[in-house]
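Visitor: I've got a few "how do you know that" questions about this one. Can we go through them with the model in view?
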Amino acid sequence: MMVKDSVFGLKGNIVYSKTPKQLEICENSYLVCEKNLVKGVYQELPEEYKKIPVEDYGDCLIIPGLVDLHIHAPQYTFRGLGMDMELLDWLETNTFPEEAKYKNLEYARMAYQIFVDNLRKGATTRACIFATVHRQATLLLMDLLEGSGLHTMVGKVNMDRNCPDYLREETEESASETVEWMKDIQHNKYKKTQAILTPRFIPSCTDELMEKLKMIQMRYQTPVQSHLSENYGEISWVQELCPESEFYGDAYDQFGLFGVDCKTVMAHCVHSDAREIARIKENGVFIAHCPESNMNLASGVAPIRTFLDEGLHVGLGSDVAGGTTENLFTAMAHAVQASKLRWRLKDDSLKPLTASEVFYMATKGGGEFFGKVGSFEPGYELDAVILDDSRLVHPQEINVQQRLERLIYFSDDREVYAKYVAGEKLF
C-alpha cells in the first residue's frame, strides 16, 4: 500500500534520537511528511497542515524504522544451529554447505522468500545484506526485496581462496561475474534495492581479486561491506596472509576498500586495536555491532563505549545466522547485556551501554549509512514503525520512555502495527 498524498501526518507517541545520549519524546503529537521527507514533529499541527490527511494511531509508539547493517540472507535457514562452535569451524560446518544450495534457483526462491517475508513483518526498514557467490540467486533476492518495499543494499559475495571448491570462484570469474551482476542491476533499474560490493573477508579474497574489486567499485561507485577483527583466529590468519599489513583493517585499506572514497561498513570490530580504531575514524568507516553473534560464536564483546566516545559511526547488525533472529529489538537488548559483561569481566573503565544509546545505534547511527535516515529531524526520509504494545500488560502507570525500554526486551513482530519506508506505507 502506498500513501498517495504528497503531504500527510501520523499521530501518536513519537520517539526518536538526535544524539546517542537522549531520546526525543513527543507524546500525543503529529509527525508530518511531505514528498517522503520529514517536515517536523508538532504538538499541534501548524496552520498550513491543518487540512492534511492524518493517520491517528492513538496511544501507539511511533519510532524511526530500524536499520540492520549486517545480515546474511542465505543463512536464515539455519538460525540457532551450530552455536557450540567458533567462527571458522562454524563457517566450514554450517555456512558453506548451506550457501552452496543457492546455485539451485528453486531452492533459493523458497529460502529467500521466507527471509524477505519475515524481514518485512518486523521493525526493520533498511538493511545491508550478504547473499552468496551466485549471481542469479543474488538477483532473485534483490527482486524479492524490491517487491517488499524495504530499502536494502545487497551484495554478491566474492571468494577466490580458502573456501570449499564447490563455492570458490576463480579470480577472473569472481570479478567478471560481479561486473555482469552490476550490469544486470542497471538493466533491472531497481528503485529500492542497491548493490554493495562484498568481499567476504580478507582470508577468502586474493590480492589480485581485491585489486579487481577496487576497479569495479570505482567504475560503479558502489559502497562496500565486509567483516573485520571478529575472532582471534581470523586476525592471526590475516596476519599470515597479509604480512605487510599493519593490522586487519589496513589489509582492506591497501586496496582502497576501507572508507575514504567508498562508503564502507565493517561488521564486528570486536578486537580492533588503537591503530585500527584510529584508521576507522580517519576513513569514516561504519561499524556494524553484532552482539548476539559475537557471543554465540565466542568471538568476544566489542568495545562499543570506546567507539561511541571516539565519535565513530556505529550501528547494529543482527548477523543472522551467527545471530538467531532478525529482530533488532533483541539486538538492542543483547548490546546492553554484552556491554555489561565486558564492563564487569574485562574492562570496568568502559561503562555499559544505555537503552537510549542502543536505540540510537539501531536507528540514526545505522541509518546514516543510507543517508539522512533513522530520525524524525526535518529533512530526513520518513521511515516509521508504529508499535502497539497493548499485549504487554502491566498493573502500574509507565511513561513512554519506559514503554520503549520494555519493547527493547520484549518486542517482536506482533507489536509492529504499521510500517512506512521512505514515505510509503507498507502495511
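Visitor: Where is the place of A195?
Guide: This is a predicted model, and in it A195 sits in strand β9, residues 193–195.

Visitor: Why is A195 called buried?
Guide: Buried means under 20% relative accessible area. A195 has 10%, so it counts as buried.

Visitor: What makes a residue a contact of A195, and which residues does A195 touch?
Guide: The cut-off is heavy atoms within 4.5 Å. Leaving out residues up to four places away in sequence, A195 touches M142, V154, W181, M182, I185, T222 and P223. As for P243, it is 48 residues from A195 in sequence and 31 Å away in space, C-alpha to C-alpha.

Visitor: How do you know that β4 and β15 pair?
Guide: Two strands pair if DSSP finds at least two bridges between them. Strand β4 (residues 54–64) and strand β15 (residues 384–387) are joined by four bridges, so they count as a pair, running antiparallel. L61, for instance, has L387 in β15 as its bridge partner.

Visitor: And what makes β3 and β17 the edges?
Guide: The open sheet has seven strands, in the order β3-β2-β1-β4-β15-β16-β17, with mixed pairing. β3 (37–42) and β17 (424–425) each have a single partner strand, so one side of each has no neighbour in the sheet.

Visitor: What is the lining of the largest pocket like, by class?
Guide: Six charged residues, three nonpolar and one polar. Among the lining residues are K103, R135, E169 and E177. The space in this pocket is about 190 Å³.

Methods: Residues are numbered from 1 along each chain as its sequence is written. This is a predicted model: local features need pLDDT of at least 70, side-chain atom pairs count only at pLDDT 80 or more; totals for chains, interfaces and linings use all residues. Side-chain values use heavy atoms; hydrogens and water are left out. On a 1 Å grid over the protein atoms alone, a cavity is a set of points where a 1.4 Å probe fits but cannot get out, and a pocket is an open set with protein on both sides within 12 Å along at least five of seven lines; lining residues have an atom within 4 Å of a point. Grid points are joined across faces, edges and corners, and a volume is the space filled by probe spheres set on the points. Ala, Val, Leu, Ile, Met, Phe, Trp, Tyr, Cys and Pro count as nonpolar, Asp, Glu, Lys and Arg as charged, and the others, Gly among them, as polar. Helices (H or I, at least four residues) and strands (E, at least two) are DSSP runs, numbered from the N terminus. Buried means under 20% relative accessible area, exposed over 50%, partly exposed in between (1.4 Å probe, protein chains only).
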